[in-house]
Amino acid sequence: MKVNIEKSWAKVLKQEFEEEYFIKLTDFVKREYTFGRTYPKPRQIFNAFDLCPFDKIKVVIIGQDPYHGVGQANGLCFSVNDGVRLPPSLQNIFKELRDDLGIDNGHNGDLSNWAKQGVLMLNATLTVMADKPGSHQGKGWEKFTDNIIKIISDKKDKIVFILWGAYAQKKSILIDEKKHNIISSPHPSPFSAERGFFGSNPFSKTNAYLKENSLTAIDWQL
């Protein structure tokens with residue numbers, strides 16, 4: 001089936017889009033957008049892929065669910081549109097970035113600049129009903145994004161996978177650790193950040209690995 005997604009991803013995922021589960025998922029998502037408030041905007045569902053082509057991936061950050069508040073979700077995990085108040089987890093991500101690399105991104109929570117440099121900001125579920133977190137889980141998105149992680153692991157080399165929290169860390173079984181670098185820590189949520197996210201230095205560790213493998217480091221400044 002025809003899916004409006006960046007051309008390199010369209011080629012890699014051509015077979016995936018023909019699978020029965022994905023066709024059912026598409027029908028479900030279309031109904032949700034037709035009959036209720038659903039985020040992100042339809043044109044931003046595949047924003048993570050459109051901003052980070054398959055052949056440009058260097059880093060994968062795995063989230064769980066899009067933000068479910070008005071104007072927040074923009075298709076990138078942990079990211080919000082510029083001008084939107086920073087959610088608590090993103091505030092803690094920026095705090096760790098300041099402590100790790102001395103970079104202060106202020107109140108701009110749009111992480112598109114990271115994506116454009118090769119950071120795939122991948123939520124496990126790509127859509128959500130307004131004000132109902134987790135409402136689109138178990139509908140097929142997780143199978144789709146799990147398969148994407150496996151495809152990246154199989155087809156690429158020397159990718160940094162950043163796994164924050166128990167949910168993301170379960171995805172490690174999809175990743176070939178002999179080919180790639182996994183950086184794990186507790187989630188940046190206020191409920192867990194003090195238990196090891198702060199001080200984990202994911203940004204400097206990522207850039208050190210990229211440089212060790214003759215790859216360009218990520219400029220984490222927005």
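Where is the place of Ser200, in terms of the strand and helix on either side? The legends below take up this residue and then several other close-ups of a predicted model.

**View 1. Ser200 sits in the loop between strand S6 (181-185) and helix H8 (202-212).** Welcome to the first stop, a buried serine with a relative accessible area of 9%. Setting aside neighbours within four places in sequence, the contacts of Ser200 are Glu96, Ser185 and Lys205. Pro186 is 14 residues from Ser200 in sequence, and their C-alpha atoms are 8.9 Å apart in space.

**View 2. Four strands make up an open sheet with parallel pairing.** The strand order to follow is S3-S2-S5-S6. Strand S3 (119-123) and S6 stand at the edges with a single partner strand each, so one side of each has no neighbour in the sheet. From one strand to the next, the twist averages 20 degrees. Helix H6 packs on this sheet, where it touches S2, S3 and S5, and its direction makes about 150 degrees with that of S3. Helix H8 lies across S2, S5 and S6 and runs at about 165 degrees to S5.

**View 3. Strand S2 (residues 59-63) pairs with S3 in the parallel sense.** Five bridges connect S2 and S3, while four bridges join S2 to S5, again running parallel. Ile61 is a handy landmark here: it stands opposite Met121 in S3 and opposite Ile162 in S5. In a regular strand, side chains alternate between the two faces of the sheet. Along S2, Val59, Ile61 and Gly63 point one way, and Val60 and Ile62 point the other way. Five of the five residues of S2 are buried, so the strand is largely enclosed by the rest of the structure.

**View 4. The largest nonpolar core holds 67 residues.** Which of them touch the most other members? They are Trp9, Phe46, Phe49, Trp114, Phe144 and Ile152. Helix H6 (residues 141-155) gives the most to this core, contributing six residues. For a look around Phe49, leave aside its neighbours within four places in sequence: the residues in contact with Phe49 are then Ile5, Glu6, Trp9, Leu120, Leu122, Leu126, Phe144 and Ile148.

**View 5. Lys156 is a buried lysine with no salt bridge.** This residue is found in the loop between H6 and strand S5 (160-164). Beyond neighbours within four places in sequence, the contacts of Lys156 are Phe54, Asp55, Lys56, Ile57, Ile151, Lys179 and His180.

**View 6. Asp131 forms a salt bridge with Arg37.** Six salt bridges are counted in the model, and in this one the closest N and O atoms are 3.2 Å apart. Asp131 lies in the loop between S4 and H6, and Arg37 in the loop between helix H2 (20-35) and S1, so the pair ties together parts that are 94 residues apart in sequence. Arg37 is partly exposed, with a relative accessible area of 48%. Asp131 also has a backbone feature to look for, a positive phi of about 65 degrees although it is not a glycine.

View 7. Lys171 pairs with Asp146, their closest N and O atoms being 2.7 Å apart. Lys171 counts as buried at 9% relative accessibility, whereas Asp146 is partly exposed at 22%. Asp154 forms a salt bridge with Lys150, and here the closest N and O atoms are 2.9 Å apart.

**View 8. A cis peptide bond joins Tyr39 and Pro40.** Most peptide bonds are trans, and most residues other than glycine have a negative phi. Omega at the Tyr39 to Pro40 bond is about -5 degrees, and Pro40 is in the loop between strand S1 (38-39) and helix H3 (47-51). Ser214, in the segment after H8, has a positive phi near 60 degrees. Ser214 is exposed, with a relative accessible area of 71%.

Notes
Residues are numbered from 1 along each chain as its sequence is written. This is a predicted model: local features need pLDDT of at least 70, side-chain atom pairs count only at pLDDT 80 or more; totals for chains, interfaces and linings use all residues. Side-chain values use heavy atoms; hydrogens and water are left out. Helices (H or I, at least four residues) and strands (E, at least two) are DSSP runs, numbered from the N terminus. Buried means under 20% relative accessible area, exposed over 50%, partly exposed in between (1.4 Å probe, protein chains only). Contact means heavy atoms within 4.5 Å. A nonpolar core is a set of buried Ala, Val, Leu, Ile, Met, Phe, Trp, Tyr and Cys residues joined through side-chain atoms within 4.5 Å. Lys and Arg count as positive and Asp and Glu as negative; His and the chain ends are not counted. A salt bridge is a side-chain nitrogen of Lys or Arg within 4 Å of a carboxyl oxygen of Asp or Glu. Two strands pair if DSSP finds at least two bridges between them. Axes are lines fitted to C-alpha atoms, for helices over the stretch in contact, and angles run from 0 to 180 degrees between N-to-C directions.
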